[in-house]
Amino acid sequence: MLLGSIADDFTGASDLANTLAKSGFRTTQFIGVPDAPPAPDCEAGVVALKSRSIPAADAIAQSLAALGWLKAQGAEQFLFKYCSTFDSTPEGNIGPVGEALAEALGVRGVVVCPAFPETGRRVFQGHLFVADKLLSESGLEHHPLNPMTDPDLRRWLRRQTRHPVGHVAWPIVAAGPASIRAALQASAARGECLTVVDAVEDRDLLALGAALDGATLLTGGSGIALGLAGNFAKAGRLGRQGSAFRPRGGPAAVLAGSCSGATLGQVAAFKSAHPALAIEIDGLMAGEVSIENALGFMGAHLAETPLCYSSAPPEAVQRAHARHGRTAVAERVESFFGGLARGLAGLGVGRLVVAGGETSGAVVTALGLGAFDIGPEIAPGVPALSTSGGAFAIALKSGNFGGTDFFAKALGVLENGR
């Protein structure tokens with residue numbers, strides 16, 4: 001293994017794995033910290049954790065365990081991957097985990113760059129933009145678990161961390177890899193543990209990747225991985241390209257727990273042509289909605305590829321949180337979708353499309369899936385995935401990714417491999 005990555009949720013892990021596979025790494029995504037070595041041909045390993053919204057101390061412990069396993073596999077460079085919208089709270093977990101990994105590896109001046117221009121995420125003057133809006137005005141300020149109310153990544157990180165936070169401005173980035181490398185070295189010399197780096201175009205990320213040749217640790221969205229394969233290829237150390245992805249036919253279903261605007265549009269498009277079951281949060285919390293009833297509906301419509309969704313507009317989600325508590329709602333929804341996924345597997349469903357990071361984590365955990373081979377890209381940031389034995393082909397979609405036809409497109413790629 002050359003590159004070892006730690007992702008704070010399962011959709012983010014597949015997003016990163018997609019970027020690494022496209023850029024030339026033979027890539028495997030692991031669900032949780034494995035208890036055995038990877039296949040010998042694994043050049044980039046991505047350990048998917050469900051650590052984004054748990055207590056910071058737990059997130060640190062899980063991330064350090066993942067780091068220990070990746071080091072044991074011989075990884076030379078390490079990447080902490082989080083969402084390109086920097087999903088976190090004033091308490092963490094991006095800053096605390098980043099600092100803990102830096103301290104474990106004995107490094108400073110560690111890059112922080114969630115930019116992903118292909119999906120409209122850009123960092124300029126230390127501020128994160130989503131398309132043409134600041135993060136705090138993009139709709140992410142209404143995120144049900146991690147509302148992002150401040151676009152200044154330096155200020156947000158400073159609330160989460162113990163050390164000063166640095167910044168490498170865009171003119172330095174535009175000047176090229178040597179300029180970036182010198183700025184990061186200066187940041188480290190000032191004692192700045194984490195350093196926000198501007199990037200507004202893919203060429204900025206490619207320059208940053210070149211500047212990070214030999215760097216022990218970096219952090220960011222999946223875009224930061226664009227330039228990493230070139231460093232290893234230049235040294236003649238990549239050579240296992242190709243995918244072990246296995247398409248899967250047969251019964252399929254779609255499960256959506258994300259409440260993002262993109263997912264709401266995808267739900268509306270898909271249910272116009274497929275059976276769909278809406279899960280009302282109040283009914284779920286009151287015990288009026290059961291996994292058994294939902295499974296009965298899905299099973300009765302398997303020939304038509306059914307959809308089950310709890311996705312709802314932000315104001316409805318906020319009202320539900322006010323009535324029942326944010327944590328209680330999240331736990332109940334995740335438990336529901338995990339149990340439903342197990343039931344669907346029992347009915348012979350081997351092809352699933354899942355929308356939402358927390359929902360994806362619940363489904364994959366409930367199904368006991370240990371690792372994925374990376375297949376074709378369905379949409380930017382979302383690859384087709386399959387288990388090594390071919391029992392499941394699955395797509396794990398971050399809430400904001402994909403066009404309105406994503407569900408139908410994903411089902412086709414999972415079945416046909418293209």
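## Getting to know a predicted model

Trainee: Leaving aside neighbours within four places in sequence, which residues is Arg154 in contact with?
Mentor: Contact means that heavy atoms lie within 4.5 Å. With neighbours within four places in sequence set aside, Arg154 is in contact with Gln125, Gly126, His127, Val165, Gly166, His167 and Val196.

Trainee: What kind of model is this?
Mentor: Residues are numbered from 1 along each chain as its sequence is written, and side-chain values use heavy atoms, with hydrogens and water left out. Local features need pLDDT of at least 70, side-chain atom pairs count only at pLDDT 80 or more, and totals for chains, interfaces and linings use all residues: this is a predicted model.

Trainee: In which helix is Arg154 found?
Mentor: Helices (H or I, at least four residues) and strands (E, at least two) are DSSP runs, numbered from the N terminus. The run that holds Arg154 spans residues 153–160, and its name is α4.

Trainee: Does Arg154 count as buried or partly exposed, or what else?
Mentor: Buried means under 20% relative accessible area, exposed over 50%, and partly exposed in between (1.4 Å probe, protein chains only). Arg154 has 25% relative accessibility, so Arg154 counts as partly exposed.

Trainee: One of its contacts was Gln125. What is the phi of Gln125?
Mentor: Gln125 lies in the loop between β6 (121–124) and β7 (127–130), and it is partly exposed at 43% relative accessible area. Phi is positive here, in a residue other than glycine, with a value near 55°.

Trainee: Phe86 also has a positive phi. Is Phe86 buried or exposed?
Mentor: Phe86 sits in the loop between β4 and α3, with phi near 60° although the residue is not glycine. Its relative accessible area is 0%, so Phe86 is buried.

Trainee: Which peptide bond is cis, with omega near 20°?
Mentor: Look in the loop between β4 (77–81) and α3 (94–105), where Asn93 has its place. The cis bond with omega near 20° runs from Gly92 to Asn93.

Trainee: Not counting residues up to four places away in sequence, which residues does Ser51 touch?
Mentor: Ser51 lies in the loop between β3 (44–48) and α2 (56–72). With a relative accessible area of 3%, Ser51 is buried. Beyond four places in sequence, it touches Asp8, Ala59, Gln62 and Asn93.

Trainee: How far apart in space are Leu16 and Gly221, C-alpha to C-alpha?
Mentor: Leu16 is found in helix α1, and at 0% relative accessible area Leu16 is buried. Its contacts beyond four places in sequence are Ser5, Val46, Leu79, Lys81, Ser222 and Ala225. Leu16 and Gly221 are 205 residues apart in sequence, yet their C-alpha atoms are separated by 7.6 Å.

Trainee: What is the volume of the second largest pocket?
Mentor: On a 1 Å grid over the protein atoms alone, a cavity is a set of points where a 1.4 Å probe fits but cannot get out, while a pocket is an open set with protein on both sides within 12 Å along at least five of seven lines; lining residues have an atom within 4 Å of a point. Grid points are joined across faces, edges and corners, and a volume is the space filled by probe spheres set on the points. For the second largest pocket, that comes to about 460 Å³.

Trainee: Which element gives the most to the lining of the second largest pocket?
Mentor: The lining has 29 residues, with Arg26, Thr27, Thr28, Phe372 and Asp373 nearest the centre. α1 (10–23), β2 (27–31) and β16 (371–379) each supply at least two residues. With seven residues, the element that gives the most is β16.

Trainee: On which side of α15 do its buried residues lie?
Mentor: In helix α15 (residues 406–416), the buried residues are Phe406, Phe407, Ala410, Leu411, Val413 and Leu414. They cover an arc of only 165° around the axis (taken from the directions from the helix axis to the C-beta atoms), which puts them on the same side.

Trainee: How many disulfides does the structure hold?
Mentor: A disulfide is a pair of cysteine sulfur atoms within 2.5 Å. The sulfur of Cys193 is 17 Å from the closest cysteine sulfur, in Cys113, too far for a bond. The number of disulfides in the structure is zero.
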